[in-house]
Amino acid sequence: MIVTYPFSAVVGLGDLKLALVLNAVSPRVGGVLVRGEKGTAKSTIVRALAAQLPAVTVVPGCRFACDPGAPDGGCPDGPHEPGVQGLGRPAALVELPVGASEDRLVGSLDVERALTEGVKAFEPGLLAAAHRGVLYVDEVNLLHDHLVDLLLDAAAMGICYVERESVSVRHAARFLLVGTMNPEEGELRPQLLDRFGLTVEVKASRDPGERAEVVRRRLAFDAGPEAFAARWTAEESALATRIAQARARVPGVRLPDARLRQIATVCAAFEVDGLRADLVTANAAIAHAAWSGRDVVTTDDVRAAARLSLPHRRRRDPFDAPGLDEALLDELLASTSGDDDPDDPGGGDGSPDAAPPGWDGDMPGEGQPFDPSASGTGAAAPQEGTGAAGPQEGGGQESGGADEGAGPRSAAGGGSAGEGPGRVAAAGTPYRVPLIQVPGLGEGAAGRRSRARTARGRATGARRPAGRVRDLHLAATLRAAAPYQAVRGRTGTGLVLRGDDLREVVREGREGNLVLFVVDASGSMAARKRMTAVKTAVLSLLLDAYQRRDKIGLVTFRGATAEVALPPTSSVEAGAARLRSLPTGGRTPLAAGLVRAAEVLRLERLRDPARRPLLVLVTDGRVTAGGDVDRAAALLEGTASVVVDCESGPVRLGLAVRLAARLRARLVSLDALSDLGSVVRDHRKAV
């Protein structure tokens, strides 16, 4: 038997605990997205919460966990007999792996049996397994966008639809959705961020006492899981009871018009798009009131809900970080507190929530119950983090809360050897750039840049399937079977099909590439304020890479050497940060930059051989230091490349033109990129 780390024993992470509990109380809140660095107990606390959810009663033998009291009328295993004796079991915790396919997520139909036998043989997916439980998606930002869309659609509607060649199956899929992600590995698109109800940003505590307590408890758990869990039995039982009571209280909680106007005022003032933020905040406020033992939503409930529901919805630019101005939030709530409903017990004075009897306001030490809505601290309690408005500090139960290191060294930390810190030029507003593709037909991860064979896209042909048919090509299947109907003894109007007649669709779509930027940061680039234009151009190309679902990397060269300012990653935010702090000055070791780029691409091919690279070299072509450029360029032979010519002025040497010829690269002038950006901006102004 696997023993789960107790939820009440997790140190710190008050906002994360509250967000999870609110979703456990009311699934209408819409799930939780947990953003944070490695080793901050994200997985630990999700598994711990699942163990505290009330048990569910299911129809025996139903693969879709139907409630015998209210079975799903469209259940593929139904119809279920009324009044059937239910079977009790714990709420399910289902984990969705990053490499999961669409069929594994939503389920799949046996197309061969459907065509040859007329039987809808449906194999349920993970969404069916998670019904009435918890669906946990670790590294949700690394999932393909279409899988995230399917996942969030099912979470929003409570129904999963599976359609294959005019055969359709639907089943209930209501679950508590929890996604975790490390922002260093790439962001979710704003459209997908908006679909998560709440978000919390966490990081490991910097308080030595708190970190020591995290390690102490984790060591005790590892030494004796059963004994450690037994010490927290009372707290865990009280937590489970309180969640069940809050769930039962939710339908009776009243949301006064004054509080609803507060929610609308706050969402409008923070300029969030659409009305999903208003709905989520209202549902979260109702859940918070129920959790706090109240039957009427107060201003405090609205504030607690807004802190968790709005930060990620204010992110408009891909380079923006989620956040919330809590001072403005308090000001908005105070300005509308005069409209209090006469029956509203909150009064909008910001007083702490009144906890139900038996619940201590402090975060628990051993032997104390957990109250995530509490704001007090005690001797063993963690300091309150900045919550959704910024990273909240908490324990790292997964890895003892150890500091994971600072990651790749930024170029702003100093120049190359002997060159000094250099000067840092500002970047301008990014603009739209032309599409740059890798020639040929790839087979990489789905994206929006280069042509590739993909699972989604337009049909270009048919082929025999290597295994189970995933995407039937009906016309090709019928053509393959037609010549053999007489031999097979066909007598009626229907075709006689066999397994070797089946054909699947060959599709062509777009893939994402690895875009490696190699930027000349030498003194010649700093002349005539050229570096501002260069940074703006690269920032524009970074934005284009984000929109086309590429991975990006950054190599810079100046002085005597080249360095990898950013290893290949999906985080364009990290790339933009490295670029903005990039200093300039010193000599131009062009060969060193090319050699370092070749090494980065070589290693990345070993890690991800299907992802084709695109080299973007930003330079004026001058060489004042380093080795042989021709020999360095030979290392990049066969790599799709673009040279952005940064040479300016009335007299031009054409060095970048020669370099592009050596690399067999496409040549784009910096002026051409900026001119296109001006055309796009002028068109938008005219519209």
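Colleague: How do I read the relative accessibility of E139: buried, partly exposed or exposed?

Modeller: Start with the cut-offs. Buried means under 20% relative accessible area, exposed means over 50%, and partly exposed lies in between (1.4 Å probe, protein chains only). E139 has 28% relative accessibility, so it counts as partly exposed. One caution: this is a predicted model, where local features need pLDDT of at least 70, side-chain atom pairs count only at pLDDT 80 or more, and totals for chains, interfaces and linings use all residues. Residues are numbered from 1 along each chain as its sequence is written, and side-chain values use heavy atoms, with hydrogens and water left out.

Colleague: Where is E271 found, and what is its phi?

Modeller: E271 is in the loop between helix 11 (257–269) and helix 12 (276–291). Its phi is also positive, near 55 degrees. With a relative accessible area of 53%, E271 is exposed.

Colleague: Which residues does the cis peptide bond join?

Modeller: Most peptide bonds are trans. Here a cis bond links G78 and P79, with omega about 0 degrees. P79 lies in the loop between strand 2 (56–58) and strand 3 (87–89).

Colleague: Is R307 buried or exposed?

Modeller: R307 counts as buried because its relative accessibility is 10%. It belongs to helix 13 (residues 299–309).

Colleague: Which side chain does R307 join in a polar contact?

Modeller: A polar contact is a pair of N or O atoms within 3.5 Å; within protein, one must be able to donate a hydrogen and the other to accept it, and residues adjacent in sequence count only if both atoms are side-chain atoms. The side chain of R307 pairs with that of E326 at 3.2 Å.

Colleague: What share of the protein is buried, and how many helices and strands are there?

Modeller: Of 687 residues, 52% count as buried. There are 22 helices and 22 strands.

Methods. Helix = DSSP H or I, 4+ residues; strand = E, 2+ residues; numbered from the N terminus.
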